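Student: Hi! I have a new structure open and would like a hand finding my way around. Can we go through it together?
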Amino acid sequence: MLKIKNLHASIGGKEILKGVNLSINAGEIHAIMGPNGSGKSTLAAVLTGKPNYEVTEGEILFNDKNLLTMPPEERSHEGLFLSFQYPVEIPGVSNVNFMKAALNEHRKHKGLEPLSASEFLKLMREKMALVEIDSKLTNRSVNEGFSGGEKKRNEIFQMAMLEPKLSILDETDSGLDIDALRIVANGVNLLKRPDTSAIVITHYQRLLNYIVPDVIHVLYNGKIVKTAGRELALELEEKGYDWLKVEEIIDTSEMKN
Amino acid sequence: MIKSTDDNIIQPENLADYFVNLYLSNMDLICENVGEAMNLARSEAIENFNINSIYNHENEKYKHIDIQKIFSHAYEKYFIPTAFQTASDMFVCDVYDLISHKIFLQNGFCRRNSKLTILENGVIYGSLAEASIKYPELFRQYYNKIADNQNEGLVALNTAFAQDGIFVYVPQNAVLDKPLQITNILLGENDTMVQYRNLFIIEQNAQANILICDNTFSDSKFLANCVNETFVGNAAHLETVRLQNEHNHSNHFSFSYVKQEKGSACTDNTITLNGGVVCNNISTLLDGEHCENHTFGLFLVDRSQYVANYTSVNHAAPHCTSNEHFKGILDENATGIFKGKILVSPHADKTEAFQANNNIMLSDTSRMFTRPQLEIYADDVKCSHGVTTGRLDEDALFYMRSRGIENRRAQLLQLFGFACDVISKISIETLRNSVADLVEKRLHGELTQCIGCTYQCKK
């Protein structure tokens, strides 16, 4: 589904990603962990086409299509979704109008007619129940005045509405209490289908108790330095990242030799 | 048809002389068919105008515009109304579904001999000229009492020349059962200057809702110089919405003076959808305790349009609240100006006064000048002001695009969201929805100034 080859990316002339290789198949959940500043959020930004990030080398194929030439909206139409680490507030734009605009553009892309108002509301009610979102939030401005938990639930609600093929959850657990974490993770699990995949970016093993990954990668200094099964998360929780840094230094010196 | 003969453009340095002479040579016509109070005000006004001319040089208002050039243009000035078009034939209102009392002003005149409308509960509305003859007492008490003829040359000019306009009287305890919609129509084959005057009297404990629509219905150049005086009595409620949609060759100067008595509440919403040069002045005097005032505005400008909003709120009594919010969206080579003054007089303790102005600039060549001005002479007050001028929020745009919303649509959604803040303050739902539609059309570039006109002129 997703193939990232030797991806180098920089912002403001500073190289953040220094050759990322990653391959994700349909149905898989991959977790990306790593210390602060290792490039996790940059990877999410580059995947979704955030302006100001420059890809200097490498390629990204999404279902065999070149992702890097697509504007962000087209990536979304193709089935890519990012749950933002910091969801953006849009004053004056109601959640309902926002989702209606987004969903209808997706339908247009698929050659479908826009949903009628009643069909849309029915779908919205259904998906809101999934993440236990308060229906009062529908007519409020997007994320404006939402609590941290409500914002993250709103992200998963949007994901439920758009039914992406590949979802990137960027630190969806940050700022969530245990109950909210459970609700959010539960929503993600309910949305899981054999043909959809997810990338879970997180600092902590905690989220991975709820959303169980098939593979865990450690991103450090712009590169994936370790890939292993789900047991790696526990090891990281216990030992931290420092031992990997040492391994990487050994790796690079070996490469030079 | 009698009209002035301007073949040449007036020399700017002779503007004051020109208007004084125009006044003197047409005095008989100007003073005809109006009541004594209106005529009594004229001579002092023309003297004041002679001193200040159209503006006084200390007045920084017109720093960014060549106002002398605007007034020097060879406009026709009619002192007898031109033939009145049957309003219902030519005009389909932009504001749909609004059940209202309707009244039209064409080039500043009500239809000649049109009667004043008197409702069962004593509410009167209609021609100002007619009312000034019929109700001399009310005019002696209210006419030209709060308009600033001393410092504003254009107000003095209006007082000298005004022949008609709209009069609204809502007596004590009366409620205007549905909104009054005043439609100002500028129309004619010749470039025309008009000066009309409105007087609204909302007595103690009365309630009214007034909508004023400014429209142009032919593509000639227009210059409107109009003055509104509004009196809001004890515990009275007034909501006004002004919807300005004139074409790009129109020049509109309006001066609105509001005086609020004890415990009264006023909401004013000025929406400028389009216009060549628009200069709105709104001055509010809170003259009794526990008054509440809300002054809101939204303007959308592009091309080389110019929209200025000057507001002044004078807290002359304690325990009053004022809340002011103006928003602007500027594109291409447009210019926007906001200057808001809050004056808190000594002893006006427990004043709460808030002011905000937010602007979005869509181009590098648009200009916005904004200046909050607070003068506080009382100790126990709560006042704040805030200004922001910036571009669209890039993060919000990316957020919307990442959900599949195309870039242009995301921009429009954000702009509309920005405008919503002001639109949502309109209390009548049908009116609020129509205004929202008009603003959306304007943002999409689909609004024309001919929108309500059923004439098929060359445009």
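Tutor: Happy to! Among contacts in chain B between residues at least 6 apart in sequence, 84% join residues at least 24 apart; a contact here means C-beta atoms, placed from the backbone, within 7 Å.

Student: Before we go on, what kind of model is this, and how are things numbered?
Tutor: This is a predicted model, where local features need pLDDT of at least 70, side-chain atom pairs count only at pLDDT 80 or more, and totals for chains, interfaces and linings use all residues. Residues are numbered from 1 along each chain as its sequence is written, while chains are lettered from A and ligands numbered from 1 in the order in which they are written.

Student: Switching to chain A, which residues of helix 4 are buried?
Tutor: In helix 4 of chain A, they are Met124(A), Lys127(A) and Met128(A). They sit on the same side of the helix because they cover an arc of only 105° around the axis, taken from the directions from the helix axis to the C-beta atoms.

Student: What do those buried residues pack against?
Tutor: Helix 3 (95-109) and helix 5 (148-162) of chain A. The face of helix 4 turned away from the buried side carries exposed residues, including Ser118(A), Lys122(A) and Arg125(A).

Student: What comes just after helix 4 of chain A?
Tutor: Glu132(A), which takes a positive phi of about 50°.

Student: Now strand 6 of chain A: which way do its residues point?
Tutor: Leu80(A) and Leu82(A) point one way, Phe81(A) and Ser83(A) the other, and all are buried. In a regular strand the side chains alternate between the two faces of the sheet.

Student: Which residue stands opposite Leu82(A)?
Tutor: Ile168(A), in strand 9 of chain A. Strands 6 and 9 of chain A run parallel and are joined by 4 bridges; strands pair if DSSP finds at least two bridges between them.

Student: Last one: how many residues of chain A are in contact with chain B?
Tutor: 22 residues of chain A are in contact with 20 of chain B. Elements giving two or more residues to that side of chain A include helix 2 (72-78) and strand 7 (90-94).

Notes. A residue is buried if 20 or more other C-beta atoms lie within 10 Å of its own, exposed if 12 or fewer, and partly exposed in between; C-beta atoms are placed from the backbone. Two residues are in contact if their C-beta atoms, placed from the backbone, lie within 7 Å.
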